[in-house]
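User: I am new to this structure and would be grateful for a close look at one part of it. Please describe that part in a connected way.

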Amino acid sequence: MTENNIKIVAFLCNWCSYGAADLAGVSRMQYPADVRAIRIPCTGRLSPKFILSALREGCDAVWVSG
Amino acid sequence: MVTFKLNGKQVQGEDGQYIIHVAEKYGVEIPTLCHHKALEPAGMCRICTVELFDGRRTKFVTACNYPIWEGMEVKTDTDAVHQGRKLIVEMLYARCPEVPLLQKLAKQYKIKAPRFKKEDDTCILCGLCVRMCEKMGNAAISFAGRGTEMRIDTPFGIQSDVCMACGACASVCPTGHITLAKIKEEFTKTHPSLIPSEYEMGLQGRKPVYVPYAQAVPNTPAIDRSVCMHFKTGGCKVCAEVCQMDAIDHMMKDEVVDIDAGAVVLSPGFEPFDPSKFDNYGYASHPNVMTAMEFERILSASGPTGGHLTRMSDHKEPKKVAWFQCVGSRDQNRCDNKYCSSVCCMYALKEAVIAKEHAGDDLECAIFYMDMRTHGKDFERYYNRAKDQGIRFERSRVHTVVPQDVTGDLKITYTNEAGKNINETFDMIVLSVGLEISPEIIDMAKKLGIELTDGNFAKTSSFAPVETNRKGVFVAGAFQGPKDIPQSVVDSSAAAGEAGAMLATVRNTLTRVPEEIPETNIVGERPRIGVFVCKCGTNIAGVVNVPEVRDYAADLPYVEYCSDNLYSCSQDTQETMTQIIKANKLNRIVVAACTPKTHEPLFQETLINAGLNKYLFEMTNIRNHASWVHKDAPELATQKAKDLVRMAVSKVALMEPLDEAELQVKPVAMVIGGGISGMVSAKNLAEQGYEVHLIEKDKVLGGQANNLYQTFQDENIAQKLGSLIKDVQENDRVNIHMETTLENVDGFVGNFTSELKKDESSTTLAHGVAVIATGAHGYTPDEYCYGKDDRVITSLDLDKKFMEKDTVLPSLQTAVFIQCVGSREPERPYCSRVCCTHSIDNALELKTLNPDMNVFILYRDIRTYGEREYKYQQAREAGVIFIRYSVDQKPMVEVSDTKLLITVTDHVLGVPVQIDADLLTLATAIVPNKDEKLANFFKVPLNEDGFFVERHAKLGPSEFATDGVFLCGLAHYPKPIDEAIAHGQAAASRAVTLLAKETVHTSGNVAKIDPMKCSACGVCVSICPYSAPAFETQGRFEGKAGINPVLCKGCGLCVASCRSGAIHLKGFDTNQILAQIFALNEEAV
């Protein structure tokens, strides 16, 4: 997928971490392109199913932030 | 139009364009070092060389300055072209072997070492600087010398007075040959300096065209005319040439706009005190002495050091940092700011705590202060925690800072509490500067005829805290007095509420209603997805290959239409999108652009205009999450953008149109508590045109204010309270329910039903909103012999004596006050905020009755914040003696027949002092009523002290997280009358924002229960923080859980915890999120 060939899925809370990811962009902070964010309304929404299915789908890591 | 062949493909360009322009348009990369969009091409570096076939023969031309013509054939990618470019790079590399750009190019063209003799130049004579300088309208530099002697220089090689040190030459120099230092030393006679960034407090420079800060609203760049070269020379205009939207107009003039307004709110804010005038702190001369505002930027992740704690002189990580409090506050010797700035103690504490978080526990933080003023809600706890974290507090005012030249360290000399002189060295010193009103604002106040206080703040009375002396002109925030964020937010709501009361009769007379567009029913239709990929100028397109992403999206399932936009958010694009949606009968839309947090509503509006339900939409962020953060990896960023688009397409295909429930708001308010803030709230609500029910459990209105004598501004409380009660009683819209209690509350925002009980009879009240103003009461002490002797009384008892004109008071010889009785104690670890001012006021009153009376105030920290500080000064001038005691050595009180014997260890002498007193007044704590029943009725939280917890400590001080329920007065936190009144007005104002809407729309993104699957386990009911799920009490699904969409905030907590899988979160449903996860696994190719 990327040069490191790893895949990370990030479940980001709309109110904090998703905004933080936006701000990282505004501040032009550079980070590896291995992360794909999925916006969720609250980390309370995160069912363990999502983590398991992400891992099953071949993700190397799952990041939950909120 | 000119048509020609580029690398075998037919391409088109405008007449007069050069090859490089057309190549760029078609995404063909041609390297160049000397080309600049805004400058005339010069063909200097020759790297853009391409092969041209003119029909007869092939030749090499430079793409940057070769005009296109009909029928020509250009090749940019042949071996001959690469060989030619390689030779040019090799020669340039030999000339400038140390320049990183050429090293990189040499590596790219696989040149290990040049075959030519290496020189040590850094200039490739591309002439960009010369052309740019000319463009600036100056021409201060040009090529000088001939042949091998050619160089960039000023005429005669002397520092030029034509050069204005704008830095344009350095900004375009590709090799770094021209630097700001070179300009300073060789080019110019003027002194070059950075344009200080206001946002970074001058710690960093900014450009003449700038966005003030990342979150600025509007987030549009502005041109600073005072530094822009165009406004100095008439030249430049580079910005206008690079702007793809032609948005820049240098001819724009300032306009005077007349606005017809019924009321004006002044909230011009403050200016931090400038400590450069204090030579003893060396702020102006030493970079390691900085203001707290500058230090904030150092701590900020978006600041000049990226949040890395370093000092300015040598970028070393400091080991020891000191804060000096009260710089420019509580000081009438060196500046005229006699007031306390209220916020500095707390911000210094916060900075010290965060500095330790950033730098690690080894960082030594010391705060030099006079009184630690942590009088806000939960501030005292923060102070205690800071002490536990090892932050040192020195009660001392430092007089001198001596910079240690070699190291950049700073030596300070101060006298500690024991009276000893101490020398100590710090790496950095932060000056906790006070708040000031700027001269421009003072000037504005004069023009508007606004009366100011001694401290230049807008003068207001305690009973009308946001009203200026001029009718219809209101004030909010620090212009009313130094204050922190929550208090400013309270003020602003209060000012809006008071202005709203004035203008209630004309509400909505200027409102325009948008045209309603009927929604197309798409249920059951096969998804027809439209994907719009935004270039955001070059913000996205500069890194992500947008055409590639667009073409990729076209092949995704259900995608019927794809396009890219230069700026998707521009008004014309919005209109085009509406047309496209209609024309192509699209029923799901994906926009790949910036953040949904700011732009989702805009695109949803576009959907609505196109007759689509606004929830048939998904936005994915390929700017903030891709192009901006992976700018050095364009291919990876493009791949990521494709992945994100694919994920969004998979999700949007599963989106369904959602309904937003609409419900009527009953235009009736219930205010619980007939104290001052409750009455003010009721009065404002009534004045704004709403029916109010004021519930009071007692026989009298007025609450605690009945026990108070006068405000810190010497206003008689009983008198003002009387007229407020009269106002409320006489207002037809206010229904007062005396001796009434609240027995039950049902319903939710807009539709509450409350059960009121009076004399055993119950009535029900239907109301749309509720304001909780249940107050607090005075602490009844069991310490200091209270209750054992009549001469030991509380502050409220003393107020009563004043009101009753007690004849004993003038004859007293000695009166003593003890502060913090029951406050700032382990069982009540908060400051009661009002007691210092109250005792000082009462001490002054005693001194007025009998100037010879000995008055002592035994205190821990005097917290006369804001302009209350003047009272503290007056008291000292009047001869009131202040003795500080420490919490582990509290005063001792003994009762004898003739006197009260009070023993306290004097903080200056260090020995116990005995005072024979006739009267001892205990400044007792304010204790919340801790009404758990009420908290349960409205599902609102109480904190550990028993005060209600507001929606947000800073930004939502007058409302609860529960919609439709508002908060004011002492039930929130101890506060003096002026703040309680502002809070009452603020709560009413917030309530009106709901009442005025008449209807509320819920979000479509709410949870819904499938009753067939629900096992009625009750997890959702117990887990929801908003009480949205409840068991159905009737109907077919009685006993099963159901969700009230009005209360649901769409957080999905219940969905994730439902073990039966019975709950769906509309818009973020399990299948939709899983679709995104599954889409992640497919590779973009």
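In what order do the elements of chain A run from the N terminus on, and how does the sheet of chain A pair?

Analyst: The model is a predicted one, and the predictor gives the complex an ipTM of 0.97 and a pTM of 0.86. Starting at the N terminus, the elements of chain A follow the order β-α-β-α-β. This amounts to two helices and three strands.

The three strands of chain A form an open sheet with parallel pairing, in the order 2-1-3. Strand 2 (35-40) and strand 3 (61-65) of chain A stand at the edges and have a single partner strand each, so one side of each lacks a neighbour in the sheet. From one strand to the next, the twist averages 20 degrees.

Between strand 1 (residues 8-13) and strand 2 of chain A, the parallel pairing extends over six bridges. Within this part of the sheet, Leu12(A) has Arg39(A), in strand 2, as its bridge partner.

Chain B has an average pLDDT of 94, and 100% of its residues score at least 70.

As for chain A as a whole, its C-alpha atoms fill a box of roughly 35 × 30 × 10 Å along the principal axes. Of the 66 residues in chain A, 42% are buried. Where contacts in chain A link residues at least 6 apart in sequence, 79% of them join residues at least 24 apart.

How values were computed:
Residues are numbered from 1 along each chain as its sequence is written. Chains are lettered from A and ligands numbered from 1 in the order in which they are written. This is a predicted model: local features need pLDDT of at least 70, side-chain atom pairs count only at pLDDT 80 or more; totals for chains, interfaces and linings use all residues. Two strands pair if DSSP finds at least two bridges between them. Helices (H or I, at least four residues) and strands (E, at least two) are DSSP runs, numbered from the N terminus. Axes are lines fitted to C-alpha atoms, for helices over the stretch in contact, and angles run from 0 to 180 degrees between N-to-C directions. pLDDT is the predictor's confidence in each residue, from 0 to 100. A residue is buried if 20 or more other C-beta atoms lie within 10 Å of its own, exposed if 12 or fewer, and partly exposed in between; C-beta atoms are placed from the backbone. Two residues are in contact if their C-beta atoms, placed from the backbone, lie within 7 Å.
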